[in-house]
Amino acid sequence: MTILIPVLGDQLSHSLSSLNGVDRADAVVLLMEVVEETTYVRHHPQKIALILSAMRHFAAELSADGWRVDYVELEAPGNTGSFSGELARVAARHAATAIRVTEAGEWRVQQMLLGWEQLLGLPVTILEDTRFFVSVAEFTTWAKGKRSPVMEFFYRDQRQKTGLLMDGKQPAGGRWNFDKENRETPPRGLNYPAPLRTTPDEITRAVLALVGRRFGDHFGSLDGFNLPVTRAEALAALDHFVAAALPGYGDYQDAMLAEQDTLYHSVLSPMLNCGLLLPRELCEAAEAAYRRGDAPINAVEGFVRQVLGWREFIRGMYWVDMPAFADANELGATRPLPNFYWTAETDMRCLHIAVRDTRDHAWSHHIQRLMVLGNFALIAGIDPKAIDDWFLVVYADAYQWVELPNVIGMSQHADGGRVGTKPYASSGAYINRMSDYCGRCRYDVKQRTGPDACPFNALYWDFLARHEERFRANPRMRNMYRTWDRFAPAEQDLIRAQAAAFLGTLTPAGPGWVTAER
Ligand code: DLZ
Ligand code: SF4
């Protein structure tokens, strides 16, 4: 009897359900570097390097731990280039009698898993991914019949269910949500904790050379790759975050500074989403800091809400609404993605900086993603599929299950408001309030029209005017329409003409950025 256990590139956790309760003498663990996964979209080179290096390190750890491991390198002779192809080859090599696998994170890959029994003629056991707090089945039951499932209620249920940040039946600190305290603009001269630096070992250096050679023409820089690639390095990064950054994480969570891209953010999502860290241990580490008095409740609650609330909610919505979710376009947006999303060449300083940071680190923080990059695409009417592809390509933490609902749902409102009850549209005023970007921008954030007017302003009003029928009755948008109504008709016409003229200047992205064929 030989049970073959394929472990996918975002399943790099020793506690993975497929590895639990198996007699090691009967098992072969399989890790596969396959070109289909490296190029189904042309991922940022740092994302590929993280996954391949973490896979190689994980395989070595499993071997040291007594597992029999079969590891297929990308350039191994005969590599068929796909999960299914490699599974078939390796199953034959080991005369496997059964397959055991943890469910895939992505719908696309789960469809492959579901076809394996027929493909191989072997029994395939697909296990629940127990690293998440909430199973797909549990979430589906919770969401059933709700037109707009509300994250906040889901999150409170989860706090109660898990006991995280609870004092008996009461939320720690006396409130469920401290979000209002998390919108400070940082004072000048604040000292931000530098992220922990890691030194690439021999395995990572080999991966970096491979990725540079094979994928160096993808969007993004490989220089300065500095992501943890082992469990030990990821845990050190977690400790560093809790000690150095978590105490300030709450207050300045939504702030953006031109020369300070990480601020007090954890930058743990790339390691969390490939399995080097577990969501439960992140929440427990943050709560322990609060209980010790080392971090304030607004920081810890905000962090736990992201991991226990938002992340789980998003994953649930993905499985409930796929595959139709991927094609949603309720606002009928069709404009192609502007080229500057790939080149950073734009006079809009906020967008230049957000693309620059993304290109250099395969990471930018949530307000850059939501209120600069996403907001612009929303108000400019960019095709949601195009901006969705962009987000999937460029971030080291992006897997479709987490990226798509955040982009199609939360950011682009293309799901008609299932994920978020109002569109995250804003003018330049919000960006100006939360950042130091506007002062040195070529545009004037205070102007709505004219050659120097900040493009976000006219686009924002034009977006509201374009979708008036849909949004005017939304209670969360009443004030915005009240302001719009106060503009004289001639001013409204000028604003809309300004938006149209600006949109006419955008250069669409050339082919080849997302997939080689395009
Ligand atoms: C993202 C990615 C990349 C770039 N390469 C691989 C790979 O070579 N082998 C692998 O097992 N996984 C890779 N991944 C992550 C997978 O795309 C991810 O595990 C699935 O999409 C989740 O369903
Ligand atoms: Fe961005 Fe407008 Fe501010 Fe320039 S002025 S940085 S375009 S918000």
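Predicted model: local features only at pLDDT ≥ 70, side-chain atom pairs only at ≥ 80, totals over all residues.
View 1. Three helices, α13 (349-361), α17 (428-434) and α18 (455-466), each supply at least two residues of the shell around ligand 2, and the largest share, three residues, comes from α17. The shell holds 14 residues, of which C350, G428, C438, C441 and C454 come nearest to the ligand. When the residues of this shell are sorted by class, 11 are nonpolar, two are polar and one is charged.

**View 2. Residues around ligand 1.** Here 16 residues surround the ligand, and the closest are L8, G9, E37, E106 and V109. The elements that give two or more residues to this shell are α1 (35-39) and α2. By class, the shell around ligand 1 contains eight nonpolar, four polar and four charged residues.

**View 3. The open sheet of five strands.** Read across the sheet, the strands follow the order β3-β2-β1-β4-β5, and their pairing is parallel. Because β3 (69-72) and β5 (124-127) stand at the edges and each has a single partner strand, one side of each is left without a neighbour in the sheet. On average, and with direction ignored, neighbouring strands of this sheet are turned by 20° against each other. As a detail of the pairing, strand β2 (residues 27-32) and β3 run in the parallel sense and are joined over four bridges, with V29 standing opposite V69 in β3.

**View 4. The largest nonpolar core.** This core has 149 residues, and those with the most contacts inside it are I5, A54, L246, L268, A286, V300 and V304. Helix α2 (residues 45-64) gives the most to the core, with 10 residues. To follow one of these residues in detail, the viewer can look at L246, which, leaving aside its neighbours within four places in sequence, is in contact with F241, A286, A289, A295, A299 and F303.

View 5. Where do the residues of helix α15 (residues 384-394) lie, buried or exposed? Of its 11 residues, 11 are buried, so the helix is largely enclosed by the rest of the structure.

**View 6. Two loop residues with a positive phi.** L263 is not a glycine, yet it has a positive phi of about 45°, and this residue is found in the loop between α8 (231-249) and α9 (269-274). L263 counts as buried because it has 21 C-beta neighbours inside 10 Å, the cut-off for a buried residue being 20 or more. A344, which is not a glycine either, has a positive phi of about 65° and is found in the loop between α12 and α13. With 16 C-beta neighbours inside 10 Å, A344 counts as partly exposed, since this class lies between the limit of 12 or fewer for exposed residues and that of 20 or more for buried ones.

**View 7. A cis peptide bond.** The peptide bond that leads from M322 to P323 is cis, and its omega is near 5°. P323 itself lies in the loop between α11 (297-321) and α12 (340-343).

Methods:
Residues numbered from 1 in each chain as written. Chains lettered and ligands numbered in written order. Core = buried A, V, L, I, M, F, W, Y, C linked by C-beta atoms within 7 Å. Contact = placed C-beta atoms within 7 Å. Near = placed C-beta within 6 Å. Nonpolar A, V, L, I, M, F, W, Y, C, P; charged D, E, K, R; others polar. Pairing = 2+ DSSP bridges. Axes fitted to C-alpha atoms, helices over the stretch in contact; angles between N-to-C directions.
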